[in-house]
Amino acid sequence: MQHLMRAEYEEDRPGAVKTWHMVRGEDVVAMCGRALQAGAKTLSDQEWGRTAEPDCHTCGAMYLREVP
Ligand SMILES: [Zn+2]
């Protein structure tokens, strides 16, 4: 299954990425259960761990279980 990174934005700073979550396909609900904006920026899962902003630890753990 295809995974994508999807951005969670800062509440008081629109457009500023707070945390990167992982979603399955085009889901707007992250693997950790957090609901994200449909229009939120996405990145290839290859960028996990390579962004300046932090990654969601729960999503990371679940992702590693699905993608060896
Ligand atoms: Zn998450």
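**Salt bridges, a zinc site and a buried aspartate**

Glu10 is partly exposed, with a relative accessible area of 24%. The model described here is predicted. Glu10 pairs with Arg13 in a salt bridge, with N and O 3.4 Å apart. Arg13 is also partly exposed, at 49% relative accessibility. Both values fall in the band between the 20% limit for buried residues and the 50% limit for exposed ones.

The structure contains 4 salt bridges. One of them joins the side chains of Glu8 and Lys18, at an N to O distance of 3.7 Å. Glu8 belongs to strand 1 (residues 3-9) and Lys18 to strand 2, so this bridge ties together parts that lie 10 residues apart in sequence. Lys18 reaches 37% and counts as partly exposed. Arg34 takes part as well: Glu8, Lys18 and Arg34 form a network of salt bridges.

A further salt bridge connects Glu66 and Arg24. Their closest N and O atoms are 2.6 Å apart. This pair links distant parts of the chain. Glu66 sits in helix 1, Arg24 sits in strand 2, and 42 residues separate them. Glu66 is partly exposed, with a relative accessible area of 36%. Arg24 is partly exposed too, at 27%.

The model also holds a zinc ion. Four residues coordinate the zinc ion: His21 through ND1, and Cys32, Cys56 and Cys59 through SG. The distances run from 2.1 to 2.4 Å. Angles among the 4 donor atoms span 100 to 120°. All four-donor angles must lie between 85 and 135 degrees for a tetrahedral site, so this site counts as tetrahedral. Along the chain, the donors follow the spacing H-x10-C-x23-C-x2-C. Cys32 and Cys56 link distant parts of the chain, 24 residues apart. Cys32 is in the loop between strand 2 (17-24) and strand 3. Cys56 is in the loop between strand 3 and helix 1. Cys32 is partly exposed, at 29% relative accessibility. Cys56 is buried, with a relative accessible area of 10%.

Asp55 is found in the loop between strand 3 (42-44) and helix 1 (57-66). Asp55 is buried, yet has no salt bridge. The nearest side chain of opposite charge is that of Arg50, 9.6 Å away. A salt bridge needs a nitrogen and a carboxyl oxygen within 4 Å. Asp55 does have a polar atom in its side chain that lies 2.9 Å from the backbone nitrogen of Gly49. Beyond its neighbours within four places in sequence, Asp55 is in contact with Met5, Thr19, Trp20, Trp48 and Gly49.

Ala16 occupies the loop between strand 1 and strand 2. Ala16 is buried, with a relative accessible area of 17%. Residues up to four places away aside, Ala16 touches Glu8, Tyr9 and Glu10. Two of these contacts return to the salt bridges above: Glu8 pairs with Lys18, and Glu10 pairs with Arg13. Ala16 and Glu53 are 37 residues apart along the chain, and their C-alpha atoms are separated by 9.5 Å.

Note on methods. Residues are numbered from 1 along each chain as its sequence is written. This is a predicted model: local features need pLDDT of at least 70, side-chain atom pairs count only at pLDDT 80 or more; totals for chains, interfaces and linings use all residues. Side-chain values use heavy atoms; hydrogens and water are left out. Helices (H or I, at least four residues) and strands (E, at least two) are DSSP runs, numbered from the N terminus. Buried means under 20% relative accessible area, exposed over 50%, partly exposed in between (1.4 Å probe, protein chains only). Lys and Arg count as positive and Asp and Glu as negative; His and the chain ends are not counted. A polar contact is a pair of N or O atoms within 3.5 Å; within protein, one must be able to donate a hydrogen and the other to accept it, and residues adjacent in sequence count only if both atoms are side-chain atoms. Contact means heavy atoms within 4.5 Å. Donors are N, O and S atoms within 2.8 Å of the metal (3.2 Å for Na, K and Ca); water is not among the atoms, so sites may look incomplete. Four donors count as tetrahedral if all angles lie between 85 and 135 degrees; four count as square planar and six as octahedral if opposite donors are over 155 degrees apart and all others between 65 and 115; anything else is irregular.
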